[in-house]
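Please walk through the model shown below, one region at a time.

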Amino acid sequence: MVLKLIWQKIAVKLHALVLVMSVILVCTSPWVLIGRQLSANAGFWSHFHVYGGLITACLALLFAIKVCLKGQWRQFFPWLLLDFNQVNTDLIGILTGKIPVAGGKGLFSVIEGIGVILLLLVAISGVVWYLVDPSDALVWRSYHQVLGQCFIGFMIIHLLLALLHIKDFFD
């Protein structure tokens, strides 16, 4: 019962927490100077990126669990069930000038699902980079950077889609 209450309090804030931490980590990443491992004389932003990133990785895992609970995974990952009906309808609608509707198993939800996968991949690559032997660290660093850039692209697309969704409220 206590765990359920704690989960309910955390779950409603996960999207905002992941958003804030991701934006801070992305915006400060140019100031991070880490190669094979975090050096003893690393600066504040390097330490923040490592330990804030580890916290964000935990939040990302909790967020992915939240998204998948109570059958919600079917909304964000309908392609796992080979259900492309609403995505096809949305794509045909785009060709005729209609903006897809948010929610359901449509294009916007699938894009959000891809974002969850990218978030997890960035988190996993960062954690592995932190944990692996220094001889393998640069490889994982490069994976983390590429996945991070893909996630930045997702965040931009997600922002644009959110703005389109807000536009729906005024139509």
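**From one lysine to the cores**

Lys 105 counts as partly exposed because its relative accessibility is 30%; the class lies between buried, under 20% relative accessible area, and exposed, over 50%, with a 1.4 Å probe and protein chains only. The structure is a predicted model, in which local features need pLDDT of at least 70 and side-chain atom pairs count only at pLDDT 80 or more, while totals for chains, interfaces and linings use all residues. Residues are numbered from 1 along each chain as its sequence is written, and side-chain values use heavy atoms, with hydrogens and water left out.

Which residue meets Lys 105 in a salt bridge? The partner is Asp 83, with 3.2 Å from N to O between the side chains. Asp 83 belongs to the loop between H4 and H5 and Lys 105 to the loop between H5 and H6, so the pair ties together parts that are 22 residues apart in sequence. The count of salt bridges comes to one, where the rule asks for a side-chain nitrogen of Lys or Arg within 4 Å of a carboxyl oxygen of Asp or Glu. In general, side chains of opposite charge can pair when their charged atoms come close. Asn 85 is also 8.3 Å from Lys 105, C-alpha to C-alpha, although 20 residues separate the two in sequence.

Asn 85 is part of helix H5, residues 85-95; helices here are DSSP runs of H or I with at least four residues, numbered from the N terminus. Asn 85 is exposed because its relative accessibility is 59%. Thr 89, Ile 92 and Leu 95 are exposed along with Asn 85 on one side of H5. Val 87, Asp 90 and Gly 93 are the buried residues. These three cover an arc of only 120° around the axis, which puts them on the same side of H5; the arc is taken from the directions from the helix axis to the C-beta atoms. An α-helix has 3.6 residues a turn, so residues three or four places apart point the same way. The buried residues of H5 pack against helix H6 (107-131), with contact meaning heavy atoms within 4.5 Å. After H5 comes Gly 97, with a positive phi near 90°.

Lys 70, at about 55°, sits in the loop between helix H3 (44-68) and helix H4 (73-76), and its relative accessibility of 86% is why Lys 70 counts as exposed. Leu 82, likewise at about 55°, lies in the loop between H4 and H5 and is exposed because its relative accessibility is 67%.

What lies inside? The largest nonpolar core has 20 residues, of which Phe 63, Val 67, Val 116, Leu 119 and Phe 151 touch the most other members. A core of this kind joins buried Ala, Val, Leu, Ile, Met, Phe, Trp, Tyr and Cys residues through side-chain atoms within 4.5 Å. Helix H2 (14-28), H3, H6 and helix H7 (134-170) each supply at least two of its residues, and H3 gives the largest share, six residues. Leaving aside residues up to four places away in sequence, Leu 119 touches Val 18, Ser 22, Ala 60, Phe 63 and Phe 151. A second, separate core has five residues, among them Val 32, Ile 34, Val 50 and Trp 129.
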